[in-house]
Amino acid sequence: MKPTLVIAVFLCVVAPLFAQHKNHITATLIPEEHIINVQQEITFFNSSKEALNQLYIQDWNNAFSNKNTPLAQRFSEEFDKSLLFAKDNERGHTKIIGFSDANNALLSWKRLKSKDLLQVQLNFPIHPGQSYTLRISYAVKIPHERFTRYGFNEEGNYYLKNWHLVPAVYDGQWHLYSHLDLDDLYTPPSALKVTFNHPSYLQLYSDQDSIEVTQFGDYTHSRLTYHHRKEAVIILRKNPSFTTIGNQEVLFTTDLEAKNFDETSKVVAIKRVLEFLKQQLGSYPHKQLLITETDYKKYPLYGINQLPSFIRPFPENFQYEMKLLKTTLTQYLENNFDIDLRKERWILDAMQMYLIQIYVETYYPDMKFTGNLSKLWGIRSYNFAQMDYNDQYPYLFMLMARKNIDQPLSMPQDSLVKFNAKIANKYKAGAGLMYVRNYLESPTVDSVLKDFYQNYTLKKITVDDFRSSFEEKAEKDISWFFDTYANTRKKIDFKISKITRSQDSIYVTIKNKTHANVPISLFTLKNDSIQAKNWYTNIPKQQTISLPNTHPNKLVLNYDKIIPEYNQRDNWKSLNGIIFNHRPLQIRAFKDVENPYYNQLFHIPIVYYNYYDGITPGARFYNKSFLEKPFIYDIRPSYGLNSGKLVGAGSLLYRHYRRDSRNYLNTFSLSGSYFHYKPGYSYSTITPAVRFTFRPDDYRSNKRSILLFRNVNVFREVDETSTTEEPNYSVFNTRFVSTQNTVENFLSYSGDFQLSQKFSKLAFTLEYRKLFQNNRQLNLRFFYGKFLHNNTNSDFFSFALDRPTDYLFDLQYLGRSENSGIYSQQIIISEGGFKSKLDNPLANDWMATVNGSTNLWKWIEIYGDAGLLKNSQNDSQFVYDAGIRLNLVTDYFELYFPMYSNNGWEVDDARYAEKIRFIVTLSPRTLLGLFTRKWF
């Protein structure tokens with residue numbers, strides 16, 4: 001063989017076996033400035049088949065540098081203002097001094113648009129099988145921990161993660177991922193050496209494989225070595241409170257909090273968890289495990305254990321072990337596999353959540369979802385109190401499926417809505433492996449996971465590797481798990497549509513309502529005892545199967561609820577009696593989880609308030625459980641203490657969710673109400689409506705559009721001596737509203753058409769809010785309304801500058817007919833949007849207005865309104881006002897102080913206090929939206 005050929009063979013076959021990426025770092029912390037000065041040398045090995053002329057470097061610390069990075073934009077999408085309003089000394093950034101190669105020749109470089117990715121132009125290409133050394137000098141300004149829990153805090157402690165530069169992955173294409181607070185750094189594992197210099201009053205903790213420590217005066221030099229790692233995670237603390245235990249295989253260090261739990265008990269729990277993981281997976285591939293409270297708080301076990309500690313219903317040892325297991329599994333899996341977490345994290349989520357369920361089955365088989373609350377009188381009778389702890393996994397996934405905002409497991413992490421990324425998809429993945437385990441009816445899943453972990457230790461993995469590991473051992477076809485369960489958002493929903501019996505056999509027709517081709521289990525029960533369980537597959541539409549007639553009294557699909565099925569109310573058939581499926585009524589206070597064997601009625605006490613009915617106590621009767629359901633009734637009878645009358649409201653509503661359409665929800669409703677609108681005079685409404693709701697294909701987008709058709713029928717007791725009010729009336733209303741909302745930008749526009757016997761009108765509204773780089777916010781609103789025809793005899797239906805009559809009864813006025821007093825000062829921004837009370841505020845022809853405001857300091861703003869209004873047979877009139885706005889909670893609690901308007905100087909008026917206007921929202925559901933909007 002020719003020498004050149006031998007060299008080529010060596011380079012292509014042998015050399016890659018010994019080659020690896022190397023990363024050597026020398027870093028010095030300057031705590032007074034929260035800066036780390038770094039000298040770094042990266043040796044990048046080209047394992048691809050192509051020559052590379054540039055390298056890409058990930059600088060995730062620089063994601064905190066301004067408000068325009070992808071990280072800042074993601075925070076904005078989730079209504080998190082922390083990074084947008086951060087002070088300069090709280091932000092992080094990286095100052096690059098220069099790049100050079102192994103010969104100290106300078107290299108040109110630039111930041112990409114994202115600001116947390118760098119492109120370095122090489123002086124010569126890296127051919128396949130060759131390495132290239134970069135030398136970098138830079139300074140890292142560490143961000144405050146309040147953004148992502150990583151960084152510095154006021155106590156002078158540091159949790160350093162994503163702080164140093166790392167190369168991006170090239171495998172035929174560059175994987176360039178920006179920092180999005182997803183903990184999914186994707187970089188080639190390397191032999192990592194870090195010399196970290198820090199003040200001696202700080203104790204250093206890391207999960208290094210070896211460490212050498214030297215003291216030089218007031219500074220400590222720690223030399224850390226990591227094998228096959230992506231980055232160096234370093235913790236520096238003044239007053240550490242870590243527990244460390246060791247054995248022959250791994251040194252375990254943790255500061256997980258556990259009140260009323262002594263050190264001995266902690267050690268016992270740690271040993272139990274480590275032994276469980278060794279049995280289920282195998283040995284940890286590194287010499288040290290570092291498990292912190294910060295890691296747990298970043299990704300906790302969501303659920304009822306999020307309650308405050310003084311009412312938490314779980315035993316201390318269970319709480320501590322679950323925290324420990326969850327956090328340890330994260331490190332155990334992520335540090336074992338080389339995986340693209342942004343695209344394929346669900347593999348590790350499935351393993352993690354499955355093993356947590358197995359742990360509970362093994363050591364806490366009787367643990368309930370509500371813990372010790374399940375034993376309390378008043379709670380134990382509820383269905384949620386009887387749920388096993390592991391029942392929460394398919395249930396919390398179904399919470400999103402019922403809302404029609406669930407997403408496939410295979411969806412990249414940066415495309416998931418927050419609730420799916422943090423909870424629902426993780427739980428769906430774990431529930432899916434439990435589904436496979438029950439379907440295979442063997443310990444195959446446990447065996448596959450253990451072999452997969454050991455066979456791919458410190459190796460690159462993909463979904464294909466995970467799938468092939470299952471298919472090699474499974475005795476049944478499980479392609480459905482990957483093709484349907486993981487890769488689509490198809491609902492799983494079966495029903496028993498028909499049963500016929502003979503002397504020897506029972507014929508059951510199973511209908512697949514969604515055509516998701518997955519297995520379904522069928523149970524035969526007699527006196528609530530299981531006679532048999534059978535699995536059936538390949539039911540694309542429906543199938544009739546034959547069972548031996550063992551004289552059961554009930555047939556149930558998915559009786560053990562292992563399958564995360566969309567609707568279980570049609571899963572059973574009773575074989576006793578003429579009415580096979582009679583469901584008795586179950587009455588519960590407040591709310592409960594859905595029980596498919598009962599018709600549920602819930603009731604809660606409620607209190608309304610308006611000036612005319614006064615405090616209005618009552619009761620609410622409804623059928624809505626914790627999960628969404630198609631048909632909802634909601635009846636709210638009340639008693640007005642002022643009016644002395646029975647009042648209230650109610651609605652019937654049907655939701656039709658469309659899974660694969662931008663028009664994802666259609667709602668058909670019939671609603672009604674009966675209250676008083678002035679002393680001694682009542683009104684009632686009956687409103688049939690159809691609403692079409694639209695969203696973009698990107699579920700993370702906050703853009704929503706609504707097209708509404710309704711007919712508002714109003715019946716009022718009218719003062720016969722009044723000449724300014726219309727009698728009973730009916731208004732057909734078509735309305736289109738489109739809204740897109742983030743912390744930085746809000747845009748909403750709408751069109752409204754109304755048709756009644758005596759008038760028709762059009763109105764258009766545009767609202768825009770913008771937060772600028774200097775934290776100044778601009779608010780603009782435009783309104784135009786025009787009567788197409790108007791044969792009314794009063795201004796009851798006219799456009800209004802500041803306080804519409806609300807003849808459709810849409811607005812939540814506390815005293816809708818008041819012209820003086822505190823209730824007349826309530827304002828709901830609608831139509832003209834003015835704040836001052838002008839002499840002629842109504843228009844029966846057309847009106848055009850613009851409202852604007854901008855902040856002077858924090859929530860103190862200056863506002864101004866201007867417009868034209870036109871009444872028939874009169875010239876158009878120019879109107880204006882200006883004043884101070886206290887924007888305490890936008891759209892929920894605001895105060896307006898008029899200063900100047902067509903009335904002149906408002907502040908000169910002796911009755912100025914009566915001119916102050918306020919916005920207040922009392923609806924608990926509306927206020928709850930402030931907190932839930934970031935999750936959904």
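Trainee: Why is F746 counted as buried?

Mentor: F746 has a relative accessibility of 10%, and buried means under 20% relative accessible area, exposed over 50% and partly exposed in between, with a 1.4 Å probe and protein chains only. The value of 10% falls under that 20% limit, so F746 counts as buried. Before going on, note that this is a predicted model, in which local features need pLDDT of at least 70 and side-chain atom pairs count only at pLDDT 80 or more, while totals for chains, interfaces and linings use all residues. Residues are numbered from 1 along each chain as its sequence is written, and side-chain values use heavy atoms, with hydrogens and water left out.

Trainee: Where is the place of F746, and with which residues is F746 in contact, leaving aside its neighbours within four places in sequence?

Mentor: F746 belongs to strand β40 (residues 745-756), where strands (E, at least two residues) and helices (H or I, at least four) are DSSP runs numbered from the N terminus. With neighbours within four places in sequence set aside, F746 is in contact (heavy atoms within 4.5 Å) with T739, Q740, N741, E767, Y768 and R769. For E767, 21 residues away along the chain from F746, the separation between the two C-alpha atoms is 7.5 Å.

Trainee: What makes L641 exposed, and which nonpolar patch on the surface holds L641?

Mentor: The relative accessibility of L641 is 52%, which lies over the 50% limit, so L641 counts as exposed. L641 sits in the loop between β34 (631-640) and β35 (645-657). Together with V607, Y609, Y611, I615, Y639 and L646, L641 forms a nonpolar surface patch whose accessible area is about 720 Å² in total. Patch residues have over 30% relative accessible area and no salt bridge, with nonpolar side chains (Val, Leu, Ile, Met, Phe, Trp, Tyr) joined within 5 Å and like charges within 9 Å; the areas come from the Shrake-Rupley method with a 1.4 Å probe, and for residues only the protein chains shown count as cover.

Trainee: Why is helix α12 (residues 479-486) described as largely enclosed by the rest of the structure?

Mentor: The description holds because 7 of the 8 residues of α12 are buried. They are S479, W480, F481, F482, T484, Y485 and A486, and the buried residues of α12 pack against α6 (341-363), α9 (418-440) and α11 (463-473).

Trainee: How do you know that the side chains of D349 and K426 meet in a salt bridge?

Mentor: A salt bridge is a side-chain nitrogen of Lys or Arg within 4 Å of a carboxyl oxygen of Asp or Glu, and the N to O distance for D349 and K426 is 3.0 Å, so the pair meets the criterion. The pair links distant parts of the chain, with D349 in helix α6 and K426 in helix α9, 77 residues apart. Both D349 and K426 are buried, and the whole structure holds 51 salt bridges.

Trainee: Why does R917 count as buried, and why does D802?

Mentor: R917 has 0% relative accessibility and D802 has 9%; both values fall under the limit for buried, so both residues take that label. Their side chains meet in a salt bridge at 3.1 Å, N to O.
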